[in-house]
Amino acid sequence: MKLSRFFRRRQWDEERERELAAYLELETAENVARGMTAQEARDAAHRKLGNATLVREEIYRMNSLGFIETLWQDLRYGARMLRKSPGFTFVAVLTLALGIGANTAIFSMVDWLVFQKLPVADPKTLTYLGMALPGGALHNDPQFSFREYQEIEQQCAAQFAGIAAAAFGGASGGQSSPDGLTYQGKTRSVQTYFVTGNFFTLLGLRPTLGRFFDPQEGQAAGADPVTVLSWEYWHSQFHDDPAIIGKTVAINGHSVTIVGVGPKGFVGPTPLLHIQAFLPLGMLVIDAGTAPDFLSKVDTRPLIILARLKPGSRPEEIRPALNVVGQHLLARYPRPDEKPDGMRAVQLRPPGLLSGTGMNPLVRAAAFFFTLGILVLLLACMNVANLLLVRATARQAEMAVRAALGAARRRLVRQLLTESLLLAFLGCAAGIGIGLATTRLLTTMHIPTALPLSFDFRFNWLVFAGAVVTAFLSSLVVGIAPALRASRAQMNNVLHDSGRSVTSRRQRLRNVMVTIQVAGSLSLLIVAGLFTRSLHSAEHSDLGFDPQQVTNITVEPNQIGMPQAKAEAFYQELLQRARALPGVETASLSAWLPMGDSQYGGPIDIPEIQPVPGQPHPSALFNAVSPGYFQTMRIPVWRGRDLVESDSAAAPYVAVINQAMADRYWPKQDPIGRQFSVSDNPKHPVHVVGVIRNFRMVDPYSPIEPAYFVPLPQHYFSTMTLHIKTMVPDPDITRQAVALVDSLAPTMPVTVESMMETLNGINGLFLFRLAAILTGFLGSLGLILAIVGVYGVMSYSVSQRTHEIGIRMALGAQRRQILRLVGRQGLWVVAAGLGIGMLLAFAVGELIQDFLVGIGPADAVTYTTISLLLALVAMVACLVPARRAVHVDPIVALRNE
Amino acid sequence: MPKRGAQPLQGEVLQGTLDLLVLQTLLLGPAHGHTIAYAIEHRSDDVLQVEHGSLYPALHRLEDRGWIASFWGTSENNRKARYYRLTPAGRKQLSVQTNRWQELVHAINRVLRPASE
C-alpha cells in the first residue's frame, strides 16, 4: 500500500463514492432502457451493486494501517473516558506519578552510584594499589610512603602502563579542615590534592586551560609552587576568568602560580569529596601537619597509589608479581602494627575511590533506597489496579453491550489496556517531572559539614528509559487484570441486571488488596512515627550542656599560613577581646565541637589497668579547651577543680575527665590525683584534677564515652572554635565576632554558626530530621493510598448493594442497621490490615532500632496513636459511602429493576 | 438473468480468479466498472455472477499492485465514469496467472478423470 494513500484516504473515499454513483447511474439508465419504471430501475441497480457502504469501507480499510487506526480510536475513546471521570483520573495519575517519580529520583541516584564512570580515559583499566588486610580485603585509605611508591614504580613497571601517587591536603595534627586559598585579599576554603607529575597523564585528561604538571614536578619538597584548579572551582570562585592563568595566589600563605584548569566534571578520583586544587606532591609541605622531609620518611604514609593496567591485562593475572613486590616492601619497610596479606591491585569501580572495605557502601545504600522505591511503586500500582477493577465492574454493562454489538473480546481487552496505558503515560510524564524536581533537590541539598561534598545525580537517557519502562510495566500490571475481568462480563447476567448477585468473589480480591494497602500504609506510618518521635526526643534529649545563646566562631590560621607561635598569640588575644564584648557572659576556646564533623580520641595507658590481650585497650575521647569552657557550656564540675589560667605549657600536665571516664577506669574510687598517659605521642603522665558531669560529644544517641579535657597551652591545635555565650539572645553577635577576627587577622576565613546550628549538623540532628521528613513523606503517601483504596472499595460495594439495601429498607430496616451492615464489611478489611501492618512494623522496627533515640522499636505511644489515627481515617472512608447507602430511597432503588 | 440449466456460481468466485477475470477483460481495452462486471457475466454465459459491488475492492487492489491504471473518462452515454486499463506489468501478470490457472485446471482434471470414467 502506498503511504500517500493513507494520508489521502478520505479524499480517496470520496472518489470511490463518485465511482459507485456513476455505476448506479449507468445501471439505472440501462434498466430504464429495458423498460422499468424509474423507481424500479433505481432499486434494481442498488440490488445489483450490493452494499455500497460496505464496499467503500472495505476499500477504506485497505488504505489504512489497521493497527494505528484502532490505536488512535482507542486512545481517543480512552481520553474521553478519562475526561468523563476527572476525579478518578486525577487520583490514578497522581498515584502513579508519585510512584514513578520516587523511582526516577532513586534510579538517578543508583545510576550515579553504580553505572556512571569516572570522567577519565578508559576507566576500566584504572586500578588502585593497597596492602590487603588479613583475609584479603583491601581498604583504600592512604597507606604508602613516597619511598614505597618509588620502589613500586620501579619494580612494577612490567605489570602496569603507568603508576601515580596522590595525597589529600587539609589534615593537620589529627584535625581535618580544608586549606585556604588567598586571592586579592580574600581567603576561601579549598580542598587540595597533591599528586605526582604523571597523575593527569595517567588518567588521560586534558586541561581546559593552561597546562598540567610536568613529570619531574613534585619530586622535591616545596620546589614547584604551581597549582591546577578544578573546572568547577574555577567556575564558582573565579567566574570562568581565563586571565587567571599565570596569576599568583597563596595557599596556606604560600605563594603558588595557577598554571591550568582541569577538565569539566573531573573532581578527583574519590566520589563525594570535591577536589578543588591540584598541586605537585612535593608541595604537601605547605600543609601544617606535614614534616618538611616527608618524601624521605619511611613511616609517614600519606599516599594513595593509582596504576593503569596494560592493555588486555587483568588485576588477577598480575597478583603473583605484585605479591613478590609486596613481600619485598614489607621486609624493607616493616609495618609492625599491621599483618598485611600481600599487595593487591583493585579496579577503580564506579563512582571511584571509596574508603572502607568490601562492598561499596554507597551501592548498599542505593540498593536499600531502590527497594523502598519499588515497594512504594507496588503500593501505588496496587491502588490504581484496585481503582480500575472497581471501574471495570461498573463498566460491565457497557462492555456487555459492546460485545453484543459485535466487538471481539480481544478488541475489548485492547481497548481497556490502551486506557490504562494512557493513564500510565500521563503518570509517567508527571512522574518524570516529580523525579526531576526531587533529583535537583537531592543534588542541591545542603549538607551541614565543612567538607566540600559534591553529588552528581544527573537526569539522563538511561534514567528516562528506566522511568518509561517502569511506567509501561506498571500500566500492564495495573491494567491486565481489570481488562480481562471486564471483557469477560457475562452478557446475559449483565443485561438482565442480575450481575450484582455474583460479585462476592470479585469483592474478595479487592478486599485482600485493600487489606494489604492498609497494612503497608500502617507500617510506613509507624516507621515515620518512630522517626518523628525519635527526632523529638533527640531534640529534647538531655545533652548535658546548654546550647542556648552560644555562638561558635571557627577559624583555621593555617589557611593564611599563620605559624603556631603567632596563632597561639592570636587565639589568646581573640579570647580576651571576645570576653570584653558588650553583652557577653562568657567566652572560651575548644578544638572540637560537640557533634561536629569529627571527634578526636585514642588509646590511653592507666597504671592501675593492665591491658588484657584480646580485650579493647583503654581509650577515651579528647578535647583541648581554654579555662571557662565548662561555664560557657553550663557543665558543672562535680569534683576537684576546673582548668585555670595557671595550667600553662610550663605547668604540670593536667586533665579534667567526665563522669563516664571516672566510672569506667576508677570505679568506686576517687579519680582525683590519679594519672594516665596518652599511648602515642606525646607520652607523658597527665594528672586528673577534676570530674565534670557527662555531656554528649559525638551524637545525640550513643552511650556517653569516657572523655578528658586538657588545657589548650599544653596541647596545640590549629583549628579552634571560639564559643561566645551572650546574656540575652543577640543577633548582632555574629557581625561583632567576624569583625573581631578580621581586625586581628585580615583575610582569615571565618565560619560562624550558633550552637543550635552546630547541633543540627550531620552528626547531630540532621540525619534524624532527614529520616523523619523522608519517612513522613512516604507515610503520608501510604496514608493517601490507603484512604483512596478503602473509600473506593466501600463506595463501590455500596453502589452494588443499592438494590439490596432498598429492599431491606422497604421491609422496615432502620438506618442504623443499614449503617452497621455496610460499616461492618469495611471494618473487617481495615482491622485485618491493621493487624498485619503492626506485625510488619515490628519487623521494620527491629531493623531501624539503632537509629532511634529515647524510644524502643515497639514504642507503645507510636503504635497506638498511629493505629487509632489510621483506623479513624479508614472509618471515615467507610462511613461516607455508608451514609450514602442510608439515604437510598427504596422506591428509586427498586424501580431500577 | 441466469440461463436455465446453468446454476450461477454466486459468491463462489475465488479472489485470485476474480483478478484473473478482470485482467482478461481489460485485455480488450479500457473499460469502467459497469462494463467489466457485465463483460464477465456475458462471457461466462452468466455462470459467473459477481456481486457488482465486490468488483470495486478488487479493482482497487489491482491498481494498488500496479497491474491496472485508472482515469476518469466519458462513458458511451456521455456520463463521467472511471476507466481502467491494463498496464505492461498487468499484461505480464495476466500471462503468468493464466498459465497457473491452466496448470491448476489440468491438475484437477487429471485427478477427476479416473472417478468420472
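## Overall content of chain A

The secondary structure of chain A comprises 26 helices and 27 strands. The model described here is a predicted one. Chain A has 897 residues, of which 41% are buried. When contacts between residues at least 6 apart in the sequence of chain A are considered, 83% of them join residues at least 24 apart.

The model as a whole scores ipTM 0.79 and pTM 0.67.

## Chain B and its confidence

Chain B is built from four helices and three strands. Along the sequence, these elements of chain B follow the pattern α-β-α-α-β-β-α. Chain B has 117 residues, and 27% of them count as buried. Of the contacts in chain B between residues at least 6 apart in sequence, 54% join residues at least 24 apart.

The mean pLDDT of chain B is 79, and 83% of its residues reach 70 or more. Residues 1-12 of chain B stay under 50 in pLDDT, and the model has 14 contacts for them beyond four places in sequence. Where pLDDT is low, the predicted coordinates should not be read in detail.

## A buried alanine in chain A

Ala97(A) is part of helix 6 of chain A, which covers residues 86-115. Is this residue, Ala97(A), buried or exposed? Ala97(A) counts as buried because 23 C-beta neighbours lie inside 10 Å, and 20 or more are required for that class.

Ala97(A) and Ala430(A) are 333 residues apart along the chain, yet 5.3 Å separates their C-alpha atoms. Leaving aside residues up to four places away in sequence, Ala97(A) touches Gly427(A), Ala430(A), Gly431(A) and Ile434(A).

## Two helices packed within chain A

Helix 22 (residues 766-800) and helix 25 (residues 860-886) of chain A have axes that come within 9 Å and cross at roughly 25°. Angles under 35 degrees count as roughly parallel, and helix 22 and helix 25 of chain A are therefore roughly parallel to each other. The crossing of helix 22 and helix 25 of chain A is right-handed.

Which residues of helix 22 of chain A meet helix 25 of chain A? From helix 22 of chain A come Leu783(A), Ala786(A), Ile787(A), Val790(A), Tyr791(A), Met794(A), Ser795(A) and Val798(A). Their partners in helix 25 of chain A include Leu870(A), Val873(A), Ala877(A), Cys878(A) and Arg884(A). The residues of this contact between helix 22 and helix 25 of chain A divide into 16 nonpolar, one polar and one charged.

## The contact between the two chains

The contact between the chains takes 19 residues from chain A and 17 residues from chain B. On the side of chain A that touches chain B, the elements giving two or more residues are helix 2 (9-33), helix 3 (38-49) and helix 4 (52-62) of chain A. Helix 2 of chain A gives the largest share of that side, nine residues. By type, the residues on the side of chain A that touches chain B are eleven nonpolar, two polar and six charged.

One pair of helices spans the two chains. The axes of helix 4 of chain A and helix 3 (residues 55-64) of chain B come within 9 Å and cross at roughly 20°. That angle makes helix 4 of chain A roughly parallel to helix 3 of chain B, and the crossing of these two helices is right-handed. Helix 4 of chain A contributes Val55(A), Glu58(A), Ile59(A) and Met62(A), while helix 3 of chain B contributes Tyr56(B), Pro57(B), His60(B) and Arg61(B). The residues of this contact between helix 4 of chain A and helix 3 of chain B comprise five nonpolar, one polar and two charged.

## Positive phi angles in two loops

Most residues other than glycine have a negative phi. Gln184(A) is not a glycine, although its phi is positive, at about 50°. Gln184(A) sits in the loop between strand 5 (179-183) and strand 6 (186-190) of chain A. Gln184(A) is exposed, since it has 7 other C-beta atoms within 10 Å.

Thr747(A), also not a glycine, has a positive phi of about 70°. The loop that holds Thr747(A) lies between helix 20 (733-744) and strand 27 (750-754) of chain A. With 17 other C-beta atoms within 10 Å, Thr747(A) is partly exposed.

Conventions:
Residues are numbered from 1 along each chain as its sequence is written. Chains are lettered from A and ligands numbered from 1 in the order in which they are written. This is a predicted model: local features need pLDDT of at least 70, side-chain atom pairs count only at pLDDT 80 or more; totals for chains, interfaces and linings use all residues. pLDDT is the predictor's confidence in each residue, from 0 to 100. Two residues are in contact if their C-beta atoms, placed from the backbone, lie within 7 Å. A residue is buried if 20 or more other C-beta atoms lie within 10 Å of its own, exposed if 12 or fewer, and partly exposed in between; C-beta atoms are placed from the backbone. Axes are lines fitted to C-alpha atoms, for helices over the stretch in contact, and angles run from 0 to 180 degrees between N-to-C directions. Angles under 35 degrees count as roughly parallel, over 145 as roughly antiparallel, 65 to 115 as roughly perpendicular and the rest as oblique. A crossing is left-handed if the near helix is turned anticlockwise from the far one by less than a right angle, and right-handed if clockwise. Ala, Val, Leu, Ile, Met, Phe, Trp, Tyr, Cys and Pro count as nonpolar, Asp, Glu, Lys and Arg as charged, and the others, Gly among them, as polar.
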